[in-house]
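This report is meant for a reader meeting the structure for the first time. Please keep the sequence and the model in view while reading.

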Amino acid sequence: MRILTALLLATVLLVPAPTTSAAAPDHPQLDPDRPAVVEKRVIGRSVRGRPIRAWRLGDGSGPTVLLISTMHGDEPHTRRILQSLRDGRPIRGIDLWVLPTYNPDGLVRHTRKNARGVDLNRNFPWRWADLDGPYESGPRPRSEPETRAVIRFLRDVRPRWILSFHQPLHAVDTDTKDRRFSRRVARALDLPRRALTCGGVCHGTMTGWYNHRFRGAALTVEYGARPPRRRMEKTAPRQVLSIWGATRHR
Ligand SMILES: [Zn+2]
C-alpha cells in the first residue's frame, strides 16, 4: 500500500502541469529586456543560413494576427514598426506574431531578392509563373528556403489577419480578399487606398497564396520610400494595435 501511494505520488509529481498556449499575465518572462514577448521561434533559415525569426506578443486574447516585414531586402524601414512592438511594453487584446526580417540575406545585401536572386514575393505556389528579370520567380514554386519556412509557419499559426509591409508605394491594397479590412487598415494607418495589381496579374505572391488557401485575410501595406523614423517607431505601432482594439500596458 505504501508503495502504491508512493507510486501515485510520483506520477502526480511527474505529470507536468497543464499549460496554455497563451501566456498568463504573470507568466515568467522569456526575455527580461522584452516584456512583451511570450514566445520566440526560428521558423527556418535563409539561403546563406541566417535564421528567420518570429516573436509572439500579447496576452493570447483576441484574434491571431501576423505582421511581416522586409520580404524585400531593400525595403527595411517598416521593420521598425514590428521591432517597436516587440521591444516595448506588454500588449493585451491580441495574439500577435511579428516577423521583422523575412529576407535576411537581402537585407544585408540591400537587394530586393534573396541570395539566389529570387523575388520571394513571386515564389509562392498560387498562380506561380516563370518570371525573369526584376520579378525573377525562381526555378519552381517554393524553390527558396525562405518561402518554405514561411509556408510552414503560416500553416501552423493560421493567422486570421496578416499585414505584409512593403515600400515605397504609399498605399494599402484594395485588390484584396476583404475590402472592409482594407478600408479599416488604411484609415487606422492614415494611408491612401489603391489597387496594387503588380502591373497586371500578381503571380506567386504570399498574400495571394494565403488568401486563396486559408480562411484568414492577408493584406499588402506599402509605406513611402523614406517614412519618418518617428512614424515607424511611435505612431504606426499604436495605429496597428488600434486596428484590433489592442493596447500596450502603461
Ligand atoms: Zn516589397
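In this predicted model, Arg86 and Asp87 join their side chains in a salt bridge, with an N to O distance of 2.6 Å. Arg86 is buried because its relative accessible area is 8%, under the 20% cut-off. Asp87, at 35% relative accessibility, counts as partly exposed. Elsewhere, salt bridges with shared partners tie Glu39, Arg41, Arg56, Asp95 and Asp156 into one network.

The count of salt bridges comes to 12. As a general point, side chains of opposite charge can pair when their charged atoms come close. Three of these pairs are set out below.

| Pair | N to O distance | Relative accessibility |
|---|---|---|
| Arg86 and Asp87 | 2.6 Å | Arg86 8%; Asp87 35% |
| Arg56 and Glu39 | 3.0 Å | Arg56 11%; Glu39 21% |
| Glu75 and Arg112 | 3.7 Å | Glu75 7%; Arg112 22% |

The salt bridge between Arg56 and Glu39, with closest N and O atoms 3.0 Å apart, links distant parts of the chain: Arg56 belongs to strand β2 (residues 51-58) and Glu39 to strand β1 (residues 37-45), 17 residues apart. Arg56 is buried, with a relative accessible area of 11%, whereas Glu39 counts as partly exposed at 21%.

Glu75 and Arg112 also meet through their side chains in a salt bridge. This pair too links distant parts of the chain, with Glu75 in the loop between β3 and α2 and Arg112 in the loop between α3 (104-109) and α4 (145-157), 37 residues apart. Glu75 counts as buried at 7% relative accessibility, and Arg112 is partly exposed at 22%.

In general, the ideal angle for four tetrahedral donors is 109.5 degrees.

Glu75, in the loop between β3 (64-68) and α2 (79-87), and His166, in strand β6 (residues 161-166), are 91 residues apart and link distant parts of the chain. Glu75 is buried, with a relative accessible area of 7%. His166 counts as buried as well, because its relative accessibility is 3%.

From His166 the description passes to the neighbouring strands in the pairing. β6 and β9 pair in the parallel sense over 6 bridges, and His166 stands opposite Glu222 in β9. Strand β7 (residues 171-173) pairs with β9 in the antiparallel sense over 2 bridges; here Ala171 stands opposite Glu222.

Are the faces of β9 covered or open? Both are covered: Ala217, Leu219 and Val221 are buried on one side, and Ala218, Thr220 and Glu222 are buried on the other. For strand β9 (residues 217-222), this amounts to 6 of its 6 residues being buried. In general, the side chains of a regular strand alternate between the two faces of the sheet.

Note on methods. Residues numbered from 1 in each chain as written. Predicted model: local features only at pLDDT ≥ 70, side-chain atom pairs only at ≥ 80, totals over all residues. Heavy atoms only, no water. Helix = DSSP H or I, 4+ residues; strand = E, 2+ residues; numbered from the N terminus. Buried < 20%, exposed > 50% of the residue type's maximum accessible area, 1.4 Å probe, protein only. Pairing = 2+ DSSP bridges. Salt bridge = Lys/Arg side-chain N within 4 Å of Asp/Glu carboxyl O.
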